[in-house]
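Subject: Handing over the structure

Dear colleague,

Please find the structure below, with the sequence beside it. My notes on what was found in it follow directly after.

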Amino acid sequence: SARCKEAPLPHEIISAGEKLILPYICDVNRVFPHFFRKPVNTAEHKRVIGCNNGKIDIFVAPMLIRGKSLLANINEEFNGIMVRGDCTDDVLFYGKGAGSLPTASAVVADIIDSCMHLNERKYIFWADSNNESVLPYNESRTRMYLRIENPEHLSIVNEVFGNVYVIAQDEELAVATDLMTVADIESNIEKLIRKDVNILSKIRISDL
C-alpha cells in the first residue's frame, strides 16, 4: 500500500452535498451487477480516505454503496469506519456516534480526563502542511449517477460522456457514467447544461 506522510488540514478536505434522489434510487441496483456484480443499498454521507501515489484522497460526500458492503447496514446514530488492507481485506469499526447517551458519555469522559490532568496541559494541534499531501479533489476518480428530465436526451449524454449505462428510460432518464475524474465529470455536466439537458440530480457511485 502507498504511504501518506502528512495528515491533511481541515480546509483541505472537500465536503460536497447533493440533491436528494428519490425516483430510481432502487433502479440503481441494475448498475452494480454491471459494474461490481453486487446490488446497491442506499445513499449515505461518507468520508472517504485513501492513498493515491502517496497522496491522500479524502472528501465528504453522499454516495451509493453496495448492498453487500460492510457499510450498508449502518443506520441511525451509528457510525462505521471501514479499512481495506492488503492482508486483512475489509475490516469494519462500528459503534454509536451520536445521540443523548453517547454524547453524555463523551462529555463525562472529557471532564474526568480534565480532572486527572489538572497540573498538566495537553496540547491538540495540527501539524504544518505543505499542501502537497492531499490529492486535488478534481483528480479523484469516481462513477456518477445522473438523473435527467428528458429521456430523449440519451443520445446527447452518450455523445458527451461516451457510452453510459442506462438504468431507467421512461418518464425520465437515469444513467451511470464510466469511471473518470471529478474534473472530467464536472466538465461534461457543463457541456450537457449548454446543450439544454436538465440534470435533476447526481450522486457518486462507490466501490466500497
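A word on helix packing before the findings: axes are lines fitted to C-alpha atoms, for helices over the stretch in contact, and angles run from 0 to 180 degrees between N-to-C directions. This is a predicted model, in which local features need pLDDT of at least 70 and side-chain atom pairs count only at pLDDT 80 or more, while totals for chains, interfaces and linings use all residues. Residues are numbered from 1 along each chain as its sequence is written, and side-chain values use heavy atoms, with hydrogens and water left out.

The mean pLDDT (the predictor's confidence in each residue, from 0 to 100) is 76 for the protein chain, and 69% of its residues reach 70 or more. Over residues 1–5 the pLDDT is below 50, and this stretch has eight contacts in the model beyond near neighbours in sequence; a contact means heavy atoms within 4.5 Å.

The protein chain has four helices and ten strands, where helices (H or I, at least four residues) and strands (E, at least two) are DSSP runs, numbered from the N terminus. Of the 208 residues in the protein chain, 35% are buried, meaning under 20% relative accessible area, with exposed being over 50% and partly exposed in between (1.4 Å probe, protein chains only).

The largest nonpolar core has 17 residues, and among those with the most contacts inside it are Leu-146, Val-157 and Phe-161; such a core is a set of buried Ala, Val, Leu, Ile, Met, Phe, Trp, Tyr and Cys residues joined through side-chain atoms within 4.5 Å. Strand 6 (141–148), helix 3 (154–161), strand 8 (173–176) and helix 4 (182–194) each supply at least two residues of this core, and its largest share, five residues, comes from helix 3. A second, separate core of nine residues includes Phe-59, Leu-71, Ala-72 and Met-82.

Helix 3 and helix 4 also pack against each other, at an angle of about 140 degrees and with their axes 10 Å apart. On the helix 3 side the contact is made by Ile-156, Val-157, Val-160 and Phe-161, and on the helix 4 side by Ile-185, Asn-188, Ile-189, Lys-191 and Leu-192.

Finally, Thr-142 lies in strand 6, and it counts as buried because its relative accessibility is 4%. Leaving aside residues up to four places away in sequence, Thr-142 touches Asp-178, Leu-179, Met-180, Val-182, Ile-185, Arg-204 and Ile-205.

With best wishes
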